[in-house]
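Welcome! Take a look at it first, and then read on.

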Amino acid sequence: MKASRIAYKPVGLALGATSGLIAAAAFKRAWKMIGHDDAPDATDEHRTWQEVLVAAALQGAVFAVVKAAVDRAGAVATRSLTGTRPG
């Protein structure tokens with residue numbers, strides 16, 4: 001394993017945790033913009049199938065986009081600082 005990959009591991013873990021926090025906040029904000037207070041849990045019997053599935057799809061999309069953006073930014077920053085691409 002390359003030294004640059006080993007050195008990037010802690011950075012990648014920190015970026016992953018950060019992206020999770022950012023994505024959770026972005027999803028909450030997006031769900032409130034739709035006009036709902038809290039996103040439904042899959043086991044909430046007072047919520048419809050449609051509402052649960054729309055919330056899950058939106059949450060998945062938000063998490064995927066935020067993770068990709070944060071990972072890409074981390075890779076670009078690493079390359080700028082070290083001259084090598086992580087991974």
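K67 is partly exposed, with a relative accessibility of 45%, in what is a predicted model. The side chain of K67 forms a salt bridge with that of D71, at 2.6 Å from N to O. D71 is partly exposed as well, at 29% relative accessibility.

**Salt bridges**

- In total, the structure holds 3 salt bridges.
- K67 and D71 sit 4 residues apart in helix α2, so about one helical turn separates them.
- Shared partners join D44, R47 and E51 into one network of salt bridges.
- D44 is partly exposed at 26% relative accessibility, and R47 is partly exposed at 25%.
- E51 counts as buried because its relative accessible area, 18%, is under 20%.

**Around R79**

- R79 belongs to helix α2, which covers residues 49-82.
- With a relative accessible area of 49%, R79 is partly exposed.
- Leaving aside residues up to four places away in sequence, R79 touches T84 and R85.
- R79 and D44 are 35 residues apart along the chain, and 45 Å separates their C-alpha atoms.

**The largest pocket**

- The largest pocket holds about 150 Å³ of space.
- Its lining residues include F27, W31, D37 and Q59.
- Helix α1 (residues 3-34) supplies the largest share of this lining, with 5 residues.
- Sorted by class, the lining has 4 nonpolar, 4 charged and 1 polar residues.

Definitions and conventions: Residues are numbered from 1 along each chain as its sequence is written. This is a predicted model: local features need pLDDT of at least 70, side-chain atom pairs count only at pLDDT 80 or more; totals for chains, interfaces and linings use all residues. Side-chain values use heavy atoms; hydrogens and water are left out. On a 1 Å grid over the protein atoms alone, a cavity is a set of points where a 1.4 Å probe fits but cannot get out, and a pocket is an open set with protein on both sides within 12 Å along at least five of seven lines; lining residues have an atom within 4 Å of a point. Grid points are joined across faces, edges and corners, and a volume is the space filled by probe spheres set on the points. Helices (H or I, at least four residues) and strands (E, at least two) are DSSP runs, numbered from the N terminus. Ala, Val, Leu, Ile, Met, Phe, Trp, Tyr, Cys and Pro count as nonpolar, Asp, Glu, Lys and Arg as charged, and the others, Gly among them, as polar. Buried means under 20% relative accessible area, exposed over 50%, partly exposed in between (1.4 Å probe, protein chains only). Contact means heavy atoms within 4.5 Å. A salt bridge is a side-chain nitrogen of Lys or Arg within 4 Å of a carboxyl oxygen of Asp or Glu.
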